[in-house]
Amino acid sequence: MREYLKFYIDGQWVDPVRPNTLEVDNPTTEQVSGKIAIGSSADVDVAVQAARRAFGTWSQSSREERIDVLQAVMGEYQKRAGDLADAVSEEMGAPASLAAGPQVNLGLGHLATAIDALKNFEFEEQHGATLVVKEPIGVCGLITPWNWPLNQIACKVFPALATGCTMVLKPSEVAPYSAQIFTEIIDAAGVPAGVYNLVYGDGPGVGAALSSHPDIDMVSFTGSTRAGVDVAKNAALTVKRVTQELGGKSPNIVLDDDDFAKSVTAGVSVMMMNSGQSCNAPSRMLVPNSRMEEAMAIAREVASAVKVGDPNDKTAIGPVASKAQFDKIQGLIQKGIDEGATVVVGGCGRPDGLDKGYYVKPTVFANVTNDMTIAREEIFGPVLCILGYDDLDQALEIANDTEYGLAGYVSGADLEKARAVARRIRAGSVAINHGFDMNAPFGGYKRSGNGREWGHFGFDEFLEVKAALGYTPEAAAG
């Protein structure tokens, strides 16, 4: 039984201002696995004051000093990789292979890319007589979700550290264990006191206090579109910068070519990863109407082979993260049935033989139309919708007919055609044949948010731009 009853503020583990706790469930067993302290606006005040004090020094640190700190964090992160994986498995039911693999390694990858970006990042540029300087924005409130907990903490904390900002992190109260280990890593690495602070809490208690706090200069939020709207409203009164990485309903246009079977297979497999709990999941697969039956047969075979079970089984996908999430997914699967979509495989209820845990059957719907609820709403579970198109113009019309714009996918053998289709998808990132690049900018169009994370693109969100006019008098005179 884990008990994390202190916050990390000003380089120390401290008690909450007003003691309050929350039990954390293990989604595999549906039993309580631990308890965390829950903060309030009073704890946020203490953490923000510590971050504000530290900002004066950390903002003036050199590039070399920041690189040294980040490299120290890398050494400690690598030492604790096993502990991080165990925490992710316990808090969200991730299979051992997923927890020790992508869940932990994405955090390490963001750290490596931040170090590389910092080595060559241009914080100053000369424009004639004017010097343009990029300076740290200040104290940052970082609010992260439960589905890829280390990934999202890493792609906020490391760019903030690299650019000279100080911060207060509020991780998800659904999956807090990995954040605890992460914070122990930060402490062991010798990050200066007050630069990084951790307060556990929920959205109404701590998230709202962070986003509305007058001494927070910037809020970086990842989560649902609904919650992102609340963050933006809370932040508006103090005119602080807000970056948001929100929901998605990403299209995957499968081209009509010789790689059709390969493309459908990959699309189903990627959709099921992490039990479908990815904001950029390729949840709407678009296939030629003439090949709908073929797509259904392939999808049935692939999804039926996805083994669901105990996280200790490396071949399994685990449960979804909470009862609330399980109930939401079940309701949307039933909605798809009620609205007339064809159930290719899966459906309501738990998989056979699993009576405990928030397990969801890998589910594929076909003959879905874009006006159905399951094609419009983010399900956030292992549920794929297959839609048909007559030609690529129609495919793109369907793909872009969504309030979201986080990601898109194009799959097929004809690279030139795939490139042309990718250019026409209205989304922040478009993967051709499921390409992946940790240095590429990540973020959304429309109601999927604003701002970008990952690589050097993520640095700009934590920087203000200052113009020093007349900095070079000779240029001014000329």
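**View 1. Helices α5 and α6 are oblique to each other, as their angle is neither under 35 degrees (roughly parallel), nor over 145 (roughly antiparallel), nor 65 to 115 (roughly perpendicular).** This is a predicted model; local features need pLDDT of at least 70, side-chain atom pairs count only at pLDDT 80 or more, and totals for chains, interfaces and linings use all residues. Residues are numbered from 1 along each chain as its sequence is written, and side-chain values use heavy atoms, without hydrogens and water. Helix α5 spans residues 149–163 and helix α6 residues 177–188. Helices are DSSP runs (H or I, at least four residues) and strands likewise (E, at least two), numbered from the N terminus. The two helices pack at about 40°, with axes 9 Å apart. Axes are lines fitted to C-alpha atoms, for helices over the stretch in contact, and angles run from 0 to 180 degrees between N-to-C directions. From α5, Pro149, Leu150, Ile153, Val157 and Phe158 make the contact (heavy atoms within 4.5 Å). From α6 come Ser178, Ala179 and Phe182.

**View 2. Helices α2 and α4 cross at roughly 160°.** Helix α2 covers residues 63–79, helix α4 residues 96–120, and their axes come within 10 Å. That makes α2 roughly antiparallel to α4. Among the α2 residues in this contact are Ile67, Leu70 and Met74. On the α4 side, they include Leu108, Leu111 and Ile115.

**View 3. The largest pocket has a volume of about 960 Å³.** On a 1 Å grid over the protein atoms alone, a pocket is an open set of points with protein on both sides within 12 Å along at least five of seven lines; a cavity is a set where a 1.4 Å probe fits but cannot get out; lining residues have an atom within 4 Å of a point. Points are joined across faces, edges and corners, and a volume is the space filled by probe spheres set on them. The pocket has 37 lining residues, with Phe221, Gly223, Ser224, Arg226 and Ala227 nearest its centre. Helix α8 gives the most to this lining, six residues.

**View 4. The largest cavity has a volume of about 80 Å³.** Its lining has 13 residues. Nearest the centre lie Ser278, Ala281, Ser283, Glu378 and Phe380.

**View 5. The second largest cavity has a volume of about 60 Å³.** It is lined by 15 residues. Closest to its centre are Pro251, Thr402, Tyr404, Gly405 and Arg426.
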